[in-house]
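Here is my notebook from an afternoon of looking things up. Follow along with me.

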Amino acid sequence: GQGQGQAGRGQNSTVFEPSPAEIDQAIARGRKMAQGKEALEFPKGDGLRIVMTGHSWVAPGRKALPAIAAAAGMDGHRQRSHTSGGGTGSANAIWLKEFGKWGKGVPPMPILVPAIATGAWDVMTWGGSYDDKTVYFAQWIELCLKYNPDMVFYIQDGWPRFEPGDKDLPPAEYRKVLDARLAKTRTSLFQTRFEELEERFPGKVHIIPASRAVVDLIHQYLDGKIKEIDCVDERSQGGKRGIYRDGGHLSRTSGIEQLVGYLYYGMLYRKSPATIKGYTPADVPPAFDRRMREAAWRAIVESPFAGIDDDDRDGVADVDEAGSEDAH
């Protein structure tokens, strides 16, 4: 579907507050659905247990993260996902679907709620959308903290689109337009979301700065530093290995989808993906892979919404206020 990522318009704006009985019903239904098919919980091990929602702009990270975590030695890394395209994959849309409130004739799909109720998950993630409201995330957070007060939460932001007229802009002008879009997205959308959630759930919610990392790589391409890329947007510029494939989604041929997986790893495990040794993603040129790892960590430590500092530049998050360098 169209409109994924930060531009996930068209989501159902209904706010649904389930009763305790409705939550219990969703849990029971979800357990029955999963019975004999998949586990709803896993013991705490070497790795994070993550429940994930999202749309197609989240998919690259969701798909790449397990292999990245495994390469880093996180054998206990687990993911459970409930995703859908465009606005139907927003935080609120998935919430409504879990409880059977998405629309007439759409049956309940309790995939995450019964897992969350086990208390055996460490992290929850979402993909951001234009039409999001703070309550859409708060309803999930409150449910999660009820069962596991130690859970933490991450919203993946969205990169600026490559608009149809951009292909006619001189590189210097496109840079200015691109940077302005990035600044607007960060201040008008994700800063507001972060500040509202930080006030309500101090230290619990962080933004995965995918936008900053993607823009970083576009700048490097325009500077002639990335020889493995032949365009910004494949559809409008006719290239084969671009940043975007269609003005919004990341390219499937250049290897840049791996970038989002590195962002998730860096944020959730609080370490630079550049610290992972002996891992080479399939069909990704090593030099470009190195640039993506570096861009991901640079975006994370420079973001005011990520909650990670690396002042000593050792690729590991500095000790936080709680005195811990543990994952998440």
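Which residues lie nearest the centre of the second largest pocket? I found Pro60, Ser251, Arg252, Glu257 and Gln258 there, among 20 lining residues. A pocket here is an open set of points on a 1 Å grid over the protein atoms alone, where a 1.4 Å probe fits, with protein on both sides within 12 Å along at least five of seven lines; lining residues have an atom within 4 Å of a point.

I noted how the model is read: it is predicted, local features need pLDDT of at least 70, side-chain atom pairs count only at pLDDT 80 or more, and totals for chains, interfaces and linings use all residues. Residues are numbered from 1 along each chain as its sequence is written, and side-chain values use heavy atoms, leaving out hydrogens and water.

Helix 2 (59-71) and helix 9 (257-269) each supply at least two residues, and helix 2 gives the largest share, 4 residues.

Then I turned to helix 10, residues 286-302. Its buried residues (under 20% relative accessible area, 1.4 Å probe, protein chains only) include Phe288, Met292 and Trp297.

Last, I looked for disulfides (pairs of cysteine sulfur atoms within 2.5 Å) and counted 0. Cys144 is buried at 0% relative accessible area, and Cys231 is buried at 2%.

Conventions: The expected span of a helix is 1.5 Å times one less than its number of residues. Buried means under 20% relative accessible area, exposed over 50%, partly exposed in between (1.4 Å probe, protein chains only).
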